[in-house]
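Me: Could you walk me through this model? I have the sequence and coordinates open and would like to go through the packing.

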There are 2 protein chains.
Amino acid sequence: MSSRKQGRVVAGHDVNAYLARHVPITQAMGIRLRSFAADGVTMTAPLKPNINDKGIAFGGTLASILSLCGWALTDLVLREAGEVADVFIAAGTTEYRAPVTGRIIARCPLPPPEDLAAFLSAYRLRGRARLRLEAFIETRDARAALFHATYVARRPAK
Amino acid sequence: MSSRKQGRVVAGHDVNAYLARHVPITQAMGIRLRSFAADGVTMTAPLKPNINDKGIAFGGTLASILSLCGWALTDLVLREAGEVADVFIAAGTTEYRAPVTGRIIARCPLPPPEDLAAFLSAYRLRGRARLRLEAFIETRDARAALFHATYVARRPAK
């Protein structure tokens, strides 16, 4: 499966295979990229391996999947622009608002186009740039958790 | 193993058995309570199951172990005071400052005594109270991640 945005394929990059190979705890959590499209990145995970003592989703898993949504969006946006970078999270805040009692669905919308353009041009100019993103956990009734984070893209060594 | 603080046992409560039974993803992460003592709560986890694509600890695991440190401290402080509560995290911020390249060690110091006293008295009065805590990931050289969070204790139903 390739990652898609607005019908376009980000050639040769498969986020789920990458996570399975390089971030093994995501497999225990069952985290999967569902889509990369005009509305941003959506990832999902089953409740069962991520349940806590209250019978709802563990907050650490929610922080993890939200962090990964923003990481994937940053990485995929760079790849679509023909760039490859080391992308890492610099800071993230999770606000837990309502319990998650079923399948975990995390969404990270694309940021405003002017933010993306500024991020890409800074990266091309300096080989290092920051992107602020917001994401959330979606349930039928509400946004069960809100997340905002800053990601750094850095040109790989060598 | 029982949980201890300043040499005292929090009778009948074993955080590690509780996590193993009720928060299964902590077992995949290998998260363990090491101590509850005068300096607060210390938890550890091995790097290997929590590694990421850069060969360092995955940020989601760091957010998870830091969240759990504060949760355990809140729960254990209530138990020491003779109270049992449902404890959950309301919000948490993780600032990632340096890579974690070995065993993960997370510490949540006890908050100032006046904060603890206010928390316990609010809980006893209203059956619901908030506690703000700070925690960090410790490496030989630095605090590799800083965390601050708000926890809510609520009197269990029935």
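**Helix packing and the chain contact**

Reply: Helix H1 (residues 15-22) of chain A packs on helix H3 (residues 59-80) of chain A at an angle of about 120°, and their axes are 12 Å apart; helices here are DSSP runs of H or I with at least four residues, numbered from the N terminus, and axes are lines fitted to C-alpha atoms over the stretch in contact, with angles from 0 to 180 degrees between N-to-C directions. This is a predicted model, in which local features need pLDDT of at least 70 and side-chain atom pairs count only at pLDDT 80 or more, while totals for chains, interfaces and linings use all residues. Residues are numbered from 1 along each chain as its sequence is written, chains are lettered from A and ligands numbered from 1 in the order in which they are written, and side-chain values use heavy atoms, with hydrogens and water left out.

Me: ok, and which residues of H1(A) and H3(A) make the contact?

Reply: A:Val15, A:Tyr18 and A:Leu19 come from H1(A), and A:Leu68, A:Trp71 and A:Leu76 from H3(A), where contact means heavy atoms within 4.5 Å. By class, that contact has 6 nonpolar, no polar and no charged residues (Ala, Val, Leu, Ile, Met, Phe, Trp, Tyr, Cys and Pro count as nonpolar, Asp, Glu, Lys and Arg as charged, and the others, Gly among them, as polar).

Me: switching to chain B, at what angle do H3(B) and H4(B) cross?

Reply: Helix H3 (residues 59-80) and helix H4 (residues 113-126) of chain B cross at roughly 70°, their axes coming within 11 Å. That makes H3(B) roughly perpendicular to H4(B), a label for angles of 65 to 115 degrees, with under 35 counted as roughly parallel, over 145 as roughly antiparallel and the rest as oblique.

Me: what meets what there?

Reply: B:Thr74, B:Val77 and B:Leu78 of H3(B) meet B:Leu116, B:Phe119, B:Leu120 and B:Tyr123 of H4(B); this contact has 6 nonpolar, 1 polar and no charged residues.

Me: how much area do chain B and chain A bury between them?

Reply: About 2,300 Å², with 62% of it on carbon and sulfur atoms; buried area is the accessible area (1.4 Å probe) that two parts lose on being put together, summed over both. B:Ile25, B:Asp53 and B:Phe58 supply 24% of the area that chain B buries against chain A, more than any other three residues.

Key. Helices (H or I, at least four residues) and strands (E, at least two) are DSSP runs, numbered from the N terminus.
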